[in-house]
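Biologist: I'm new to this one. Could you show it to me and then take my questions?

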Amino acid sequence: MGLVGGPLAEALVARGDDVTVATRSATVIVGAEPVKLDARDRAAFVMAAKGADRIFLCTNPPYPKWTSDWPPIYASAIAAATASDASLVMMGNLYGYGEPTGPMTEHSPQLTGESKGLVRKAGWEAVLAASGRGELRAVEVRASDYFGPGTKGTSHLGEGFFRPVLASKTARVVGNPAVEHSWSYLPDIVATMIAAGDHSGAWGRAWHVPSNSPISRTAITAQINARWNVGGKVAQLPDWLLAGLGLFNPMMREIAASSYQFRVPFVIDSTETEQLLSVAATPWDEALAATVEHYRAVPATT
């Protein structure tokens with residue numbers, strides 16, 4: 001289900017929708033029906049989607065499993081949406097665009113040559129092909145690197161960044177921390193997913209999550225230090241160390257492969273999405289404060 005699926009299910013329940021949450025562990029969300037499902041299992045996915053009006057695909061396999069897990073997940077989602085006549089709303093990212101030379105819009109060409117980007121590009125093209133044949137209605141909601149209360153794991157602006165800075169220590173990050181980068185706030189991702197699913201206009205396209213003006217992790221650290229009276233720092237993990245870790249750790253190898261996102265300005269343009277879906281980014285100061293206060297209040301995970 002990932003970090004998006006839980007809040008999305010809660011938001012859908014809160015507005016009165018009948019919601020089924022399908023995960024490998026049958027995750028319980030209050031007000032929703034839990035179902036145990038491996039999204040790679042086409043027959044099971046088709047059965048779980050029977051009678052559905054809309055399918056939100058929010059799963060996210062670990063990086064090292066993208067090449068093996070995503071193709072059958074896409075195939076299952078296409079089959080389930082086709083069989084149930086449900087609209088398909090997919091959670092996506094910016095990997096397919098490759099290394100940018102300027103802001104990425106909803107219509108930027110997908111020019112990636114990196115393996116994870118190629119996997120996501122191929123999956124979206126398969127969905128688009130099915131849409132073009134009239135088999136289903138589908139859209140992909142693309143976000144930049146996410147942040148917000150509870151982000152952890154491989155998030156570049158998650159627990160591994162905020163906790164050291166708030167403890168007046170040094171956060172070690174991938175890429176140049178002084179490079180400007182777009183960040184997508186989790187509640188804004190959820191709002192865009194819902195708005196995309198409700199859209200009455202054209203489908204078979206991508207939407208971009210509204211995000212605030214790009215800002216570097218150096219600047220974010222300075223803001224945190226000033227507002228919360230701490231003395232945190234941020235420093236780049238040396239490229240040689242990142243490459244060395246990748247020799248033994250498949251996850252680090254995949255993180256290194258997509259580190260181009262932090263070597264040049266990485267900027268998402270969501271102008272069209274904001275206009276057509278009537279969504280907007282949560283003001284930066286508000287989003288940052290909510291995220292910081294979460295980490296100040298919640299103990300670190302082990």
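Biologist: What does the charged end of R205 sit over?

Modeller: Here a charge counts as over a ring if NZ of Lys or CZ of Arg is within 6 Å of the ring centre and within 35 degrees of the ring normal. The charged end of R205 is 3.8 Å from the ring centre, and the ring belongs to W207. Bear in mind that this is a predicted model: local features need pLDDT of at least 70, side-chain atom pairs count only at pLDDT 80 or more, and totals for chains, interfaces and linings use all residues. Residues are numbered from 1 along each chain as its sequence is written, and side-chain values use heavy atoms, with hydrogens and water left out.

Biologist: Which residue lies over the face of W66?

Modeller: Look 5.5 Å from the ring centre of W66. The residue lying over that face is R120.

Biologist: How are the rings of W66 and W70 arranged?

Modeller: Rings of Phe, Tyr and Trp (its six-membered ring) pair if their centres lie within 6.5 Å; planes under 30 degrees apart are stacked, over 60 edge-to-face, and the rest tilted. The search of the whole structure gives 10 aromatic pairs. W66 and W70 are 6.4 Å apart centre to centre with 85 degrees between the planes, so the pair is edge-to-face.

Biologist: How far apart along helix α3 are W66 and W70?

Modeller: Helices (H or I, at least four residues) and strands (E, at least two) are DSSP runs, numbered from the N terminus. W66 and W70 are four residues apart in α3 (residues 66–84), so their separation is about one helical turn.

Biologist: Is W66 buried or exposed?

Modeller: Buried means under 20% relative accessible area, exposed over 50%, and partly exposed in between (1.4 Å probe, protein chains only). Like W70, W66 is buried.

Biologist: Which side chain joins T282 in a polar contact of 2.7 Å?

Modeller: T282 is found in the loop between α10 (271–277) and α11 (284–297), and T282 is buried, with a relative accessible area of 16%. A polar contact is a pair of N or O atoms within 3.5 Å; within protein, one must be able to donate a hydrogen and the other to accept it, and residues adjacent in sequence count only if both atoms are side-chain atoms. The partner of T282 is D188.
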